[in-house]
Every structure is written in structure tokens, then in C-alpha cells.
Amino acid sequence: MERITSTGNKLIREVRDLEKKARARRESGLFIAEGERLCSEIPPAYIERIFVADDYDGRLPELVGDTSQRAPKIFQVPRELMEHMSDTKNSQGILAVVRQKTYTELPGDFFLILDTLQDPGNMGTIFRTAEAAGVDGILMNRDCVDVYSPKVVRATMGAMFRMPFMVSDDLPAEIQRMKSKGVQVYAAHLRGTKNHWDFDYRTPTAFMIGNEGNGLQDAIADLADTYLRIPMMGHTESLNAGVAASVLMYETLRQRIS
């Protein structure tokens with residue numbers, strides 16, 4: 001196990017760049033995952049490097065995976081250097097550099113379409129709930145928060161490694177392609193006149209979820225086949241994007257397993 005002690009080391013600088021710069025993540029195709037639980041969720045073949053603090057006493061052999069696969073390089077660093085590298089206040093003493101997994105198409109018949117979501121917590125909630133509710137894939141535009149940013153990676157709690165997703169530079173074209181394959185696209189919208197439970201989601205289905213403050217862009221909302229509404233009591237004007245998505249996903253799951 002090689003030991004690194006300098007903040008000036010090129011691998012340490014790379015970690016810091018990957019944590020702080022979306023451009024570095026995009027150009028390198030790499031990202032950072034921290035903590036034993038999150039690192040244990042990563043398919044071993046996608047781990048490039050692992051850094052552990054001197055005082056780390058966790059399950060490193062299990063995290064590396066089957067030794068017959070391409071084994072990642074492991075580096076040991078002083079606790080002070082690990083804290084310098086970490087994006088969290090109290091590092092668990094393990095950090096991995098991971099290759100991004102890319103999808104050119106989404107399989108299945110149950111999808112989410114995300115338009116310019118900005119909150120890392122919402123993105124994490126949507127990924128975790130999508131996995132739990134049986135969603136087949138998530139399509140989003142480039143204006144969404146970077147899925148590979150440290151905050152989103154942590155918020156997904158490993159779901160991003162199992163949930164197929166695509167980031168598109170031309171979201172309308174991808175939506176049209178989805179519709180051409182027989183997927184019914186729904187949007188929760190002020191123009192919706194029927195409640196979300198009044199539709200049949202047992203056929204190929206996709207739900208559009210818009211930006212937290214502004215909702216769906218008109219150009220995206222206009223591509224929906226059907227508008228629906230999620231009924232709300234009291235004086236609430238709108239639901240959190242993650243909550244709205246969860247309501248729709250679980251209504252679909254209820255219909256499909258009943």
C-alpha cells in the first residue's frame with residue numbers, strides 16, 4: 001500500500017478538483033465517493049483508486065471486492081491529509097475515486113423526466129425513491145444539479161449506482177423519442193383537471209418533474225401527453241419536487257402490484 005503525505009501530490013489535487021469542479025468531473029469521467037457505506041455500494045470494477053486514513057479500521061477488503069477483478073490502487077494518507085481531501089466535516093477515513101457509468105438509452109417502461117432540478121437533497125430523494133418504487137430509469141437535462149457532485153452522491157445513498165439515468169443536452173428530443181416508443185408522458189401542472197389517481201399507469205409511463213421554484217419549462221410541459229394534478233388541502237401552493245415525484249411513483253407502484 002503506497003503512502004502519500006503531501007497536499008501537493010497530483011492525486012490529492014485531483015481529488016480536490018473532482019470534489020469542487022463539475023468541469024473536472026465531466027472531462028475526466030470520474031467522481032468522488034466518501035464513507036464506508038457509500039464506497040461499499042460501488043461496483044468494484046468502477047473504482048479507480050481508494051484512499052484510507054492511517055487510523056481507518058473498516059472493512060477495506062470487502063469494499064475492494066473480488067480480487068479476480070481489476071483491483072483499484074489503494075493509498076494510505078495521514079488523518080490530517082484525509083480531512084483536507086474530504087468534502088465532509090468529519091471524514092470516515094475512506095474515500096474512492098470512481099468512474100462514471102454512462103447510459104445511451106433507458107430500458108423498461110417506467111421513467112422520470114427531470115427538468116432543471118437544482119436541490120441536491122431533492123435529487124437524492126428522487127433517486128432513492130425511484131429505486132424503491134420500481135422506476136426503470138431517470139432522464140434529466142444538463143441544467144439539473146450535477147448528479148456526480150459530492151452532495152448528490154451522498155444524498156442518493158448508493159441508489160445512483162443501481163438506477164439507470166441519462167443526462168441529455170436535448171431533453172425535448174429525448175422525450176419525443178420516448179413517446180415514439182409508446183410511453184405516455186404525464187406532467188403535474190396547473191392546467192391538470194383530473195387527480196393523479198384517476199389515470200392508469202400500468203402501461204408505459206413517464207412523469208415530468210420540474211424545477212423547485214419555477215416548475216416545468218413551457219417547452220417541456222408542452223410535450224406532455226396528459227396534465228394531472230396532485231390534490232392539496234389548506235393553503236399549500238405546491239409540493240416539494242421530491243415529494244411530488246414520490247407521490248406519483250408510489251401510485252404507479254400501487255397500481256402495478258395490486
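**Pockets and a sheet**

Biologist: How much space is in the largest pocket?

Modeller: About 720 Å³, as filled by probe spheres set on the grid points, which are joined across faces, edges and corners. A pocket here is an open set of points on a 1 Å grid over the protein atoms alone where a 1.4 Å probe fits, with protein on both sides within 12 Å along at least five of seven lines. It's a predicted model, so local features need pLDDT of at least 70, side-chain atom pairs 80 or more, while totals for chains, interfaces and linings use all residues. Numbering runs from 1 along each chain as its sequence is written, and side-chain values use heavy atoms, without hydrogens or water.

Biologist: Which residues are closest to its centre?

Modeller: Ala 188, His 189, Leu 190, Gly 215 and Ser 238, out of 26 lining residues (an atom within 4 Å of a point). Strand E10 (205-209) and helix H10 (241-257) each give two or more of the lining; helices are DSSP runs of H or I, at least four residues, and strands of E, at least two.

Biologist: How does that lining divide by class?

Modeller: 12 nonpolar, 10 polar and four charged, with Gly counted as polar.

Biologist: And the second largest pocket, what's its volume?

Modeller: About 440 Å³. Its 18 lining residues include Arg 142 and Asp 146, both among the closest to its centre, and five of the lining residues are charged.

Biologist: Switching topic: what's the strand order in the five-stranded sheet?

Modeller: E1-E4-E3-E5-E2, open and mixed; pairing takes at least two DSSP bridges. E1 (2-3) and E2 (30-34) have a single partner each, so one side of each lacks a neighbour in the sheet.
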